[in-house]
Structure formats: C-alpha cells, structure tokens
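Work through the following exercises with the sequence and the model at hand. Each task is followed by a solution in steps.

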Amino acid sequence: GAALMVRREAAEQVGWLDEAYFIYVEEVDWCLRLHRAGWQIWCVPEAEIIHYEAQSTRQFRQEMFIELWRARLHFFRKHYSPMFNRAAAILIRAGMYRAQRAARRAFSHGEISAEQLARRQEAFDRVVHLTKAETGDEALR
C-alpha cells in the first residue's frame, strides 16, 4: 500500500480507506472492496517508488506486531463468516503458541536476551487475547 492510484469514481463508489484500521491492511481491505464492486486491480511491476520500510514502526516492534494482528482480525471479521473467523482464531493461537516455544528455545540457546524473550512473550500473549476477544473463546490453550 505504499503507492496506490485509484479513480475517484471507484473510491466514491466503495468508500475511502476504512479509518477503523490504525495501521496495516487498510489497502488490502480497500482493494478487496474495489474488486468486489467490479473494479480491476492492476499491479505495475515496472513502476518504481522509494519506500523506507518500517519508518513508522521500527521504534515499537512488539506494539506494531500486535497492531498487525489487530488489523488482520478486523479484516477477517469485516469480510468473512463467523466460522472462518473462529477457524482463523484457532490457527492464529496455534501459531502464537508455536512462536512462544521458539522464543523460549532461542533464549535457552543464548540467541535472545531475557528482556527480548519477555517482550516477545507479552506480544504473543496479547495477540492470543485478541483472538479470544474476537471469538468469545476463553478456553483453547
């Protein structure tokens, strides 16, 4: 989403970017809405832009990790069925638990510090909490 061009009539038809997204996924949401409304989505691989990746997120990595998952969950809730969202929440939790085990393993091998482990664990736990809030499911651990 670093460089998008949209016809005004297309944007007026489907609405502008969804302000419910703090950061991340808003361009995916917009493109899906445009596509569903019958507009073509084109990619121009020859186009060149300069995008200084992570300039707005590099200071708060764990917070941005959580915001990425918050945005994804909003996107899923907005565009997909409750059954899809429940399945996605279960898969996301499984992935977070696996990432927690990998972080503990990295710590035990001296690859990350105790502080890094704690920050990662907190971020993974917060994403798990978001998935439970999405589904109303407090079990499944």
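**Exercise 1.** Within what distance do the axes of α2 and α3 come, and at what angle do they cross?

*Solution.* The model is predicted: local features need pLDDT of at least 70, side-chain atom pairs count only at pLDDT 80 or more, and totals for chains, interfaces and linings use all residues. Residues are numbered from 1 along each chain as its sequence is written, and side-chain values use heavy atoms, with hydrogens and water left out.

Step 1. Locate the helices, which are DSSP runs (H or I, at least four residues) numbered from the N terminus. Helix α2 covers residues 26-36, and α3 covers residues 61-79.

Step 2. The axes come within 11 Å and cross at roughly 20°. Therefore α2 is roughly parallel to α3 (angles under 35 degrees).

**Exercise 2.** Which residues of α2 and α3 meet?

*Solution.* Apply the contact criterion (heavy atoms within 4.5 Å). From α2, Val28, Asp29, Leu32, Arg33 and Arg36 meet Phe75, Lys78 and His79 of α3.

**Exercise 3.** Is Asp29 buried or exposed?

*Solution.* 

Step 1. Asp29 has 0% relative accessibility and therefore counts as buried (under 20% relative accessible area, with a 1.4 Å probe and protein chains only).

Step 2. Leaving out residues up to four places away in sequence, Asp29 touches Asp18, Tyr21, Phe75, Lys78 and His79.

Step 3. The buried residues of α3 include Phe75 and His79.

How values were computed
Helices (H or I, at least four residues) and strands (E, at least two) are DSSP runs, numbered from the N terminus. The expected span of a helix is 1.5 Å times one less than its number of residues. Buried means under 20% relative accessible area, exposed over 50%, partly exposed in between (1.4 Å probe, protein chains only). Axes are lines fitted to C-alpha atoms, for helices over the stretch in contact, and angles run from 0 to 180 degrees between N-to-C directions. Angles under 35 degrees count as roughly parallel, over 145 as roughly antiparallel, 65 to 115 as roughly perpendicular and the rest as oblique.
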